[in-house]
Amino acid sequence: MRQKPPSVVSNPLFTIKWRTHMTTKTVDVLLVGAGAMSTTLGMILKQLDPSLKICMVERLDHVARESTDGWNNAGTGHAAYCELNYTPEQADGSINTSKAFAINTSFEVSLQFWSYLVEQGNLPSPKEFINPTPHSSFVWGEKNVEFLRKRYDALSQHHCFTDMEYSEDHDTLREWMPLVMKDRDPSDKVAGTRVRYGSDVNFGALARFMVLNLEQQDNFDLLLSRIVEDLDQQADGSWNVKLKNTEKGGSEVINSRFVFLGAGGGALPLLQKSDIPESKGYGGFPVSGMWLVCKRPEIIEQHQAKVYGMAPIGAPPMSVPHLDTRIIDGKKALLFGPFAGFTTKFLKQGSFMDLPCSIRLGNLKPMLSVAKNNMDLTRYLISEVMQSHTSRVDSLRNFFPEAKDEDWELSYAGQRVQIIKPGTETAGKLEFGTEVITAQDGSLAALLGASPGASTAVSAMLSIVERCFAERLKEDSWQQKIRELVPSYGQNMTEDADLLNRVRARTLSVLELDRQA
């Protein structure tokens, strides 16, 4: 088992002897970060065993103010209904649907868990955090129309996507997305798809409601304004985690049998501090995001959908353009983007030294090879950074031909840190999804990456329960409870149409996603 010198913080800039001069609080579970992932895991574990002592620490003075906050992400309940990058066209012209099915059923798992929490009174009225918002795709040009038609044919034959609609008719599309079709040339070759019961999710509100519920339970502590300075595994397998209190000063130590690093872009540096063998070779590629936000209420009211298009060549998945209806804290908004950019920060409220400080001998080769082999991405990010306001609105005009520069303003989204990992054929591989990393002994886990992110948080956190609480999960009480939380648990909704239809009917009703959008 990995051991550090018994009395010295691992960072060579500090030689503070901290074990013998601080009181140590002991818990069963330490959650680092107060965003969608940590709050979800906390809620699942508390439902499985209310007696667990859980502590959540957050570097900011508020819950869910980084990537989880409503204004820092797209708010799309990612179900692969409209996201074209989840169904790539293969060399033979066929559509690869495997990722779409995986994401769709993962989101159904999240909907089941949220439905349970609503039914039990652990979450408020669904409209406080999730609202029905049709999910549409929109493309133009013969080649893209052909792609969308093939995508629809491939997906709609399956029970997961049986309610998807397709049209190339301008009048029909005008009913689905009035702003997009307004004053568009009747001769334009366009196509669209729609699933009526798509959703807009305020993940920030959802996380804060879950924390509010956790705080009402015994054996739960929330510690804000705490920075994790070091993680040190003990001989018994538990972890001593040193925290710095940025509000009141001073340090403290928490000893925990299990640690989850769910700090968004900040998870990678924390994983590196743990020094577990599974962390070796991992690096991060930070990508920033920006939105155009509409300032005119009369325009906002004319759009009620999330309309996704095709990603530019070289663009990361998070930069697929879309025109989004958002409901944030009860107020309707209209956003377009995101526009990507590059920064060395791993968090929106992070440091420009985040990227340089993450470089290690073990990940230098993978990071350099990724830089070498992804020049299209580099050029794309540079071009995005150099755009003027007018050029950004020009991109919007592909979706909303009548858009005017003065009606839109720029807003900055949260940071996303894409995963760089050791590859097989090359020295490094750039991943655009999410990945759970766990220590071999199950005492520590971390979640890295971005999209589809919070939409699949429940599936991701259940996988951590399976890996890190395997013995407890064998207990009859845990098995029974986990099937109450997620009725489809252990079954395959992709293969079982009856199961999927029963699950979906319940969640659409409980979460009120079947009401008129």
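Start by selecting helix 3: Val145, Phe147, Leu148, Arg151, Leu155 and Ser156 are buried there. The model on screen is a predicted one. Look down the axis of helix 3; the buried residues lie within an arc of 160 degrees, so they line one face of the helix. An α-helix has 3.6 residues a turn, so residues three or four places apart point the same way.

Next, show what covers those buried residues: among the elements are helix 2, strand 4 (135–140), strand 5 (165–167) and strand 6 (190–195).

Stay on helix 3 (residues 142–156) and check its length. Its 15 residues should span 21 Å at 1.5 Å a residue, and the end C-alpha atoms are 21 Å apart, which agrees.

Now select Trp114 and Phe260, the residues with the most contacts inside the largest nonpolar core, which has 76 residues. Helix 2 (residues 98–119) gives this core its largest share, eleven residues. Another core, of 28 residues, lies apart from it and includes Val32, Val259, Tyr282 and Leu355. In soluble globular proteins, nonpolar side chains tend to be buried together.

Which residues does Phe260 touch, leaving aside those up to four places away in sequence? They are Leu30, Leu31, Val32, Met37, Ser38, Leu41, Ala445, Ala446, Leu447, Met461 and Ile464.

Finally, select the whole chain. Its secondary structure comes to 16 helices and 20 strands. Of the 517 residues, 58% are buried. Among contacts with a separation of 6 or more, 72% join residues 24 or more positions apart. With the surface displayed, the chain exposes about 21,300 Å², and carbon and sulfur atoms supply 51% of that area.

Conventions
Residues numbered from 1 in each chain as written. Predicted model: local features only at pLDDT ≥ 70, side-chain atom pairs only at ≥ 80, totals over all residues. Heavy atoms only, no water. Core = buried A, V, L, I, M, F, W, Y, C linked by side-chain atoms within 4.5 Å. Buried < 20%, exposed > 50% of the residue type's maximum accessible area, 1.4 Å probe, protein only. Helix = DSSP H or I, 4+ residues; strand = E, 2+ residues; numbered from the N terminus. Contact = heavy atoms within 4.5 Å. Areas by Shrake-Rupley, 256 points an atom, 1.4 Å probe, with all protein chains shown as cover. Expected span 1.5 Å × (residues − 1). Arc of directions from axis to C-beta.
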